[in-house]
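Morning, everyone. Please look at the screen while I bring up today's protein.

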Amino acid sequence: MTLGNSMLIPILPKMESELDINSFQSSLTITIFSIAAAVSIPVLGYLSDRFTRKSIILPALMLYGLGGLLAGMASAWFDSAYMWVLIGRALQGIGAAGTAPIAMALTGDLFKGAEQSKVLGLVEASNGFGKVLSPIVGSLLALLVWYGPFFGFPIFCLISILLLLFFVREKKKKQKPPTLGNYLKGLFTVFKHEGRWLFTAYLAGATGLFTLFGLLFYLSDVLESNYNINGVLKGCVLAIPLLFLMSTSFTTGSKIGKNHRIMKLLIVLGLLLMTASFASLVFFTKLIPFIAVLVVSSIGTGLVLPCLNSLITGSVGKARRGFVTSLYGSVRFLGVAAGPPVYGWLMSWSRNGMFLTTAGLTLLVALLCLLLIHVKKKKKDEDGTAHTLFKKLQLTTE
């Protein structure tokens with residue numbers, strides 16, 4: 001999923017010159033992918049709950065690859081290539097909707113307890129690893145031809161399809177899936193009782209991705225226009241903050257277990273680190289100090305995202321996990337979609353204003369998380385199992 005946007009960031013300036021488009025139009029290739037994904041994710045999440053996770057992921061990967069193929073062929077041979085690139089990117093977005101968000105639900109199905117948090121941390125680290133690799137891979141493929149990254153997508157999708165077919169064993173559903181009416185009734189019950197903190201968690205996830213991709217868009221532009229850094233070197237520089245995000249995500253996921261108090265603390269701490277980093281960027285214009293301070297925000301994001309993953313994935317039973325995690329995936333994609341165009345506008349307005357506005361946003365979200373994410377002490381049933389409000393809800397709605 002993360003290859004879908006990050007792999008194209010290094011080639012956006014070249015795309016502008018080759019297709020004779022402006023920076024706003026090039027940013028739409030990121031935005032349309034993310035919007036198509038955001039719209040499709042809840043639908044595919046519901047279908048994954050009704051059928052199986054693999055029955056959604058496999059066709060989604062095929063569509064993802066075909067969309068990349070269309071965009072690459074259009075760039076190489078079509079007249080009015082830009083419109084076809086957008087169509088291909090929209091198809092890719094629909095395909096991406098059936099990848100990582102459904103994989104997160106599948107992880108919740110296959111693993112339990114502290115192991116679930118550890119594996120979800122690994123999932124988020126894989127997400128980060130994709131972000132680390134993708135600017136470099138995109139730059140390497142662009143050395144062959146500028147639209148080379150588009151042809152890379154079908155290859156990665158084919159590898160993923162084969163791995164999924166041979167190595168992931170999903171249990172067959174024993175119970176008959178609920179009717180659409182009962183399914184929606186159960187979701188309404190969950191969001192009625194726990195919607196306040198869930199939507200706050202969704203907002204935190206979207207904010208993390210919004211600021212990450214917005215600042216990567218800014219950094220990509222600055223590297224090329226101010227420092228004349230292009231190609232693979234540019235991809236390597238873009239990968240530096242992402243590398244810290246990946247390593248922090250993996251470490252966080254492996255350590256938090258199922259301790260919800262620690263998760264809340266790390267979410268707030270991570271957002272405060274992001275706030276401090278963004279506010280400090282106004283004082284740094286030279287490249288190395290700028291990236292060093294930006295790394296602090298990446299560490300903060302790496303603390304926030306695995307904790308959110310674990311809280312949200314573990315918040316609801318298997319019967320509706322696909323929808324709840326997919327809705328989370330939707331708002332994350334909306335954050336990614338909004339990042340490049342919003343930061344493109346902010347760049348033209350004021351550099352310092354851009355950083356201070358970003359810091360204000362993350363500070364606000366930190367306060368909301370502190371006030372609205374309530375961690376309840378676990379009570380033990382007679383059989384020794386935790387009896388949370390969600391457990392009660394699942395008994396009445398599933």
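Which residues is Ile267 in contact with, once we leave aside its neighbours within four places in sequence? The list is Val304, Cys307, Leu308, Leu311, Cys369 and Ile373. Keep in mind that this is a predicted model.

Why start with Ile267? Look at the largest nonpolar core, which has 105 residues. Phe150 and Ile267 are the residues with the most contacts inside that core. Helix α9, residues 180–225, gives the most to this core, with 16 residues.

Back to one of the partners of Ile267, namely Cys369. Cys369 has a relative accessible area of 1%, so it is buried, the cut-off being under 20%. Now take Cys236. Its relative accessibility is 34%. That value falls between 20% and 50%, so Cys236 counts as partly exposed.

Next, helix α5. This helix runs over residues 81–96. It has 16 residues and reaches 22 Å from its first C-alpha to its last. That is close to the 22 Å expected at 1.5 Å a residue. Which residues of α5 are buried? They are Ala81, Tyr82, Val85, Leu86, Gly88, Arg89, Gln92, Gly93, Gly95 and Ala96. As a reminder, an α-helix has 3.6 residues a turn, so residues three or four places apart point the same way.

Stay with Gln92, which lies in α5. Is Gln92 buried or exposed? Buried, because its relative accessibility is 0%. Who touches Gln92? Leaving aside neighbours within four places in sequence, Gln92 is in contact with Phe33, Tyr64, Gly67, Gly68 and Phe153.

Last topic: backbone angles. Asp20 is not a glycine, yet it has a positive phi of about 55°. Where does Asp20 sit? In the loop between α2, residues 12–19, and α3, residues 23–50. Asp20 is exposed, because its relative accessible area of 70% is over 50%.

Asn228 also has a positive phi, of about 55°, and it is not a glycine. Asn228 lies in the loop between α9 and α10, the latter being residues 231–256. With 60% relative accessibility, Asn228 counts as exposed.

To recap: Ile267 sits among the residues with the most contacts in the largest nonpolar core, Gln92 is buried in α5, and Asp20 and Asn228 are exposed. Thanks, everyone.

Key: Residues are numbered from 1 along each chain as its sequence is written. This is a predicted model: local features need pLDDT of at least 70, side-chain atom pairs count only at pLDDT 80 or more; totals for chains, interfaces and linings use all residues. Side-chain values use heavy atoms; hydrogens and water are left out. Buried means under 20% relative accessible area, exposed over 50%, partly exposed in between (1.4 Å probe, protein chains only). A nonpolar core is a set of buried Ala, Val, Leu, Ile, Met, Phe, Trp, Tyr and Cys residues joined through side-chain atoms within 4.5 Å. Helices (H or I, at least four residues) and strands (E, at least two) are DSSP runs, numbered from the N terminus. Contact means heavy atoms within 4.5 Å. The expected span of a helix is 1.5 Å times one less than its number of residues.
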